[in-house]
Amino acid sequence: MTNSPKIICVSSGKGGVGKTSFSVNMACCLARQKQKVLLVDGDLGLANVDVLLGLNVRHTLRETIDEERPLSSILVEIEPGFKVLPASSGVPEMANISYEEQAFLINALENIIDRFDYVLVDSAAGIGDAVLWFNNWADNNIIILSPDPTAMTDAYALIKVLFHRFGKNRFHLLINNVKSKKEGRQVFNNMKNVLKKFLQISPDYLGAMPQDSAVVRAIRSQKPFLEISPDSRASRAVMEISSQILLM
Ligand SMILES: Nc1ncnc2c1ncn2[C@@H]1O[C@H](COP(=O)(O)OP(=O)(O)OP(=O)(O)O)[C@@H](O)[C@H]1O
Ligand SMILES: [Mg+2]
């Protein structure tokens, strides 16, 4: 029997709002709840997932495209149930791969994902081609924003493009770097009003991640905060949000 995993794309428009940190920890959290998770580093030109996990990557997506190497041969197991598909860093042409290469990559991904329950794609910042086609490929679209006005305008710009180009109208908003749950709700409500007014879209509230020094410490130690600070506010928020993701 073939399995059909949930494909979730994590993006933001603006850079540096916490996509990679959230994706790595959510993948880890889902795996600890007995889910088989594949985390795809969708930042094809400036890979980050390997850095946040301290991986020594030997083979990357670039080689699978150039040498038609099977994707399964480059997967890295982080812990039981949690595998990473690493991307390459500092390879500008990967950020703009051709239409044929995209088709090859999606096809290759389709061939390995039936072994997983969840596929999480940590996408690049911006609204480049790869961000758009990973979002189009996904069944569920998580958009991360922070309380910064620029993060809100960039998230809006991304949602607008996905709506106009692919008819996507279901988005799960995650507010990162908040000082309180109340701030998370307020930012969500502002965004919800704008989306309703200009695009007639009603987003879902996935939740908020607190501003937490445990996140910064974990990134510096190249380990998930769930592992090194399991009782931190950030870890508790990820666990709470995972219960919603398990319902997707
Ligand atoms: N909840 C948080 N609390 C404190 N700091 C945070 C939090 N989330 C993210 N950061 C800070 O933001 C930085 C960027 O995080 P991250 O690399 O996950 O963002 P990104 O959206 O993946 O960036 P890029 O767009 O460059 O891929 C981190 O190095 C960390 O310092
Ligand atoms: Mg990133």
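How many of the six residues of β1 are buried? Five of the six are, so β1 is largely enclosed by the rest of the structure. A residue is called buried if 20 or more other C-beta atoms lie within 10 Å of its own, exposed if 12 or fewer do, and partly exposed in between, with C-beta atoms placed from the backbone. The model is predicted: local features need pLDDT of at least 70 and side-chain atom pairs count only at pLDDT 80 or more, while totals for chains, interfaces and linings use all residues. Residues are numbered from 1 along each chain as its sequence is written, and chains are lettered from A and ligands numbered from 1 in the order in which they are written.

The protein has eleven helices and eight strands. Helices (H or I, at least four residues) and strands (E, at least two) are DSSP runs, numbered from the N terminus. The radius of gyration is 17 Å, close to the 18 Å that the globule rule gives for 248 residues, so the protein is as compact as a globular protein of that length. This radius is taken over C-alpha atoms, and the rule is 2.2 Å times the number of residues to the power 0.38. Buried residues account for 46% of the 248 residues. Of the contacts between residues at least 6 apart in sequence, 75% join residues at least 24 apart; a contact requires C-beta atoms, placed from the backbone, within 7 Å.

The eight strands form an open, mixed sheet in the order β3-β4-β2-β5-β1-β6-β7-β8. Two strands pair if DSSP finds at least two bridges between them. β3 (76-79) and β8 (204-210) stand at the edges with a single partner strand each, so one side of each is left without a neighbour in the sheet. Neighbouring strands are turned by 25° against each other on average, direction ignored. Strand β1 runs parallel to β5, joined by five bridges, and I8 has L120 as its bridge partner in β5. With β6, strand β1 pairs in the parallel sense over four bridges; here C9 is partnered by N141.

Strand β7 (residues 172-178) is parallel to β8 and joined to it by five bridges, with L174 opposite G207 in β8. Helix α8 (residues 181-199) packs on the sheet and touches β6, β7 and β8. The direction of α8 makes about 135° with that of β7, where axes are lines fitted to C-alpha atoms, for helices over the stretch in contact, and angles run from 0 to 180 degrees between N-to-C directions.

N176 lies in β7 and is buried, with 25 other C-beta atoms within 10 Å. Although N176 and V17 are 159 residues apart in sequence, their C-alpha atoms are 7.0 Å apart. Apart from neighbours within four places in sequence, N176 is in contact with V17, G18, F22, I144, S146 and M209.

By contrast, M248, in the segment after α11 (233-245), counts as partly exposed because it has 14 C-beta neighbours inside 10 Å. M248 touches K6, I8 and N140, residues up to four places away in sequence not being counted.

Ligand 1 has 20 residues around it, of which G15, G18, T20, S21 and A125 come nearest; a residue is near if its C-beta atom, placed from the backbone, lies within 6 Å. At least two residues of this shell come from each of α1, β7 and α9 (213-221).

Definitions and conventions:
Two residues are in contact if their C-beta atoms, placed from the backbone, lie within 7 Å.
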